[in-house]
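Please consult the sequence and the structure while reading.

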Amino acid sequence: MNDSEKIDISVDIAGIKMKNPVMVASGTFGYGAEYSEFIDIDQLGAIVVKGICLDAWDGNKPSRMVEVPGGLVNAIGLQGPGVKGFDEKYMPFLRQHDVPVIVNIWGRSLEEYGEVAAAFENMEGVSGLELNISCPNVKEGGIAFGTNPTMTADVVAHVRKKTSLPLIVKLSPNVPNIVEFAKIAEAEGSDALSLINTLPAMVIDIETRKPVLSNVVGGLSGSAIHPVAVKLVWEAAKAVKIPIIGMGGIMRTEDAIEFMVAGASAVAVGTANFIDPEISLNVIEGISAYMQKHGMSSVSELTGSVLV
Amino acid sequence: MKIENTKILKHSHLVGDYRLLVLDAPEISVQAVPGQFVHVRIPQLEGSALRRPFSLYRAEGATISILYKVIGRGTAALATAGEGSFLDVMGPFGNGFPIPDADIMPILVAGGYGVAPLYFLATRCSQKGVLFVGGATDLDILCIEDFKSIGWDVRVATMDGSLGTKGLVTDVLDAWLKDNSDRDDYSPAGQEIFACGPDGMLKALGDRTIAGGFNGWLSLDKHMGCGVGACLACVQRLRDEYNHDYWGRVCKDGPVFESRQIVWE
């Protein structure tokens, strides 16, 4: 046995057993099949699929995405097939694979969040739910729930009652105090936290003086938001006992490790998938190499090891 | 579909803002069909920059060729890539043009660099057809010698009249279609349009194919994110067989659509 075989990079996030701590973030990996022609998706820690609400949802008009220095601003608007469409079109493929599937869910009302969560209760092949209360690109639901403490408490508590699956709440960075929201999610029964969703942003074409995105505003992702995300993960990790999945601008192994040192138990690669479909696998290898170099045998030695 | 690290064999200036890029890409070349595109990482841009999609102009042996216009920051950066250096290329992506049956008269209609995938299509047709190509000036009219060398009929329109007929490419096409339809042996089912160019031109062509009762295969040019159907950025309003409208993905469901599938905004 060589040294690399002694290193255990498996993690257990909210009861979901993962081969490694590297997931792919919702909205950046489709429903898994889109990237399966380029990489062996079974090597990923988990796949978080594009956001699903109860019924098929049209999304926003184009233009939906614009590149900016250090990332991109998107306003896709959660286009999706709904619970039934997801089950029929995408789950048969995912069930053939040996990788945990986490479904990102959203709703337009408290009741709808509960109904969507309940709809996955007996769906074979679903390992957990990621509760999206932080999407900046839909008029109802989304970020409205994630930026008001009372609404956050209500929606997490309501969804908690409707599902026995591991529940991960995805928090918005667009709040004055992330600790308050992290604690609320934990108190209301969330099993883990995803940090962060995109940052609200806007791009204007100065020749036409019109917003580039049809939705006027969108969410910023990519390298530009990475230091913001690291800071929020660090703050939240000190305040809660549940595991944190760090995401926001991971473009290379070092970014992923930085999240873990700040306090994340796992990470998710997002925007970078669009540019390099192999990046998540490279990050998995890179984490092993880093641990070997630093004499670590378990990922838990990495998590929260920041010296402040 | 592959991710290939390709060597730049040739990278040259054509005319105006147009450039030709020839890459050593054996795995992509062997799979490529006309109308498909490749998604290119531009090494001169920062690491967080998205890839850029380019239609294939040629795929011969181990090489692929791209004909592009320097329009924005991505193509301006690409223009500085030197021969002998390497480009990270994904592809071939998307649904290309159907190769017309031998008894079909292929009518190719191009706007500017939209001619590139149509030349690739012409090389894969067993019959000779006609190419209509339009642009602002003679500097926007590319590849016409390519078509003539394989025996195709070429009709040119420029807005300033510097080459061919002055006016829109659809004006020249309309006159030709009318002459054709006056012939005794004319049948609309015997012709199909294959087109690539700006949306306005494609819509005008689509309208003609629907009114005329023949097929029109239109290749759309959109800004793309992932190129593989995951990000849902490059959407176009489409209509399915149940008459239901939805946002389809140009990268994965297209970029070539039959004109009746497209709902123009």
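The model is predicted.

## The contact between chain A and chain B

The size of an interface is often given as the accessible area lost when the parts come together. For chain A and chain B, this buried area is about 2400 Å², with 60% of it on carbon and sulfur atoms. The contact draws 29 residues from chain A and 29 residues from chain B. On the side of chain A, Phe38(A), Glu67(A) and Ile275(A) lose the most area to chain B, and together they account for 28% of what that side buries.

Specific interactions also cross this interface. Four salt bridges are found between chain A and chain B, and seven residue pairs are in polar contact, both residues of each pair having pLDDT of 80 or more. One salt bridge joins the side chains of Glu67(A) and Arg52(B), at 2.9 Å from N to O. Three elements of chain A, namely β5 (65-68), β6 (71-74) and α10 (272-275), each supply at least two residues of the side that touches chain B. By residue class, that side of chain A consists of twelve nonpolar, eight polar and nine charged residues.

## The two domains of chain B

Chain B is itself divided into domain 1 (2-93) and domain 2 (105-261). The centres of these two domains, taken over C-alpha atoms, are separated by 22 Å. How many residues of each domain are in contact with the other? In chain B, 22 residues of domain 1 touch 22 residues of domain 2.

Between them, domain 1 and domain 2 of chain B bury about 1900 Å², of which 68% is on carbon and sulfur atoms. Within domain 1 of chain B, the residues that lose the most area to domain 2 are Tyr18(B), Pro34(B) and Tyr57(B), which together make up 27% of what that side buries.

One salt bridge is found across this domain interface. Asp146(B) forms a salt bridge with Arg58(B), and their closest N and O atoms are 3.5 Å apart. Six residue pairs, with both residues at pLDDT 80 or more, are in polar contact between domain 1 and domain 2 of chain B. Five strands of chain B give two or more residues to the side of domain 1 that touches domain 2: β3 (37-41), β4 (52-55), β5 (58-60), β6 (63-69) and β7 (86-93). The residues of that side of domain 1 divide into 15 nonpolar, four polar and three charged.

## A sheet in chain B

Strands of a sheet pair through backbone hydrogen bonds, either parallel or antiparallel. In chain B, seven strands form an open sheet with mixed pairing, in the order β11-β10-β9-β8-β12-β13-β16. Its edge strands are β11 (165-166) and β16 (256-258) of chain B, each of which pairs on one side only. Strand β13 (residues 215-219) of chain B runs antiparallel to β16(B), and three bridges join the two. Within this pairing, Ser219(B) has Val256(B) of β16(B) as its bridge partner.

## Backbone details

Most residues other than glycine have a negative phi, and most peptide bonds are trans.

| Peptide bond | Form | Omega |
|---|---|---|
| Leu195(A) to Ile196(A) | cis | near 15° |
| Gly91(B) to Pro92(B) | cis | near -5° |

Where in the chain does Ile196(A) lie? Ile196(A) is in the loop between β10 (192-195) and β11 (199-202) of chain A. Pro92(B), by contrast, belongs to strand β7 of chain B.

A further detail concerns Leu78(A), which is not a glycine but has a positive phi of about 60°. Leu78(A) is located in the loop between β6 and α2 (82-89) of chain A.

Technical notes
Residues numbered from 1 in each chain as written. Chains lettered and ligands numbered in written order. Predicted model: local features only at pLDDT ≥ 70, side-chain atom pairs only at ≥ 80, totals over all residues. Heavy atoms only, no water. Domains from an automatic or database assignment. Contact = heavy atoms within 4.5 Å. Buried area = accessible area lost by both parts, 1.4 Å probe. Polar contact = N/O pair within 3.5 Å; in protein donor to acceptor, adjacent residues only side chain to side chain. Helix = DSSP H or I, 4+ residues; strand = E, 2+ residues; numbered from the N terminus. Nonpolar A, V, L, I, M, F, W, Y, C, P; charged D, E, K, R; others polar. Pairing = 2+ DSSP bridges.
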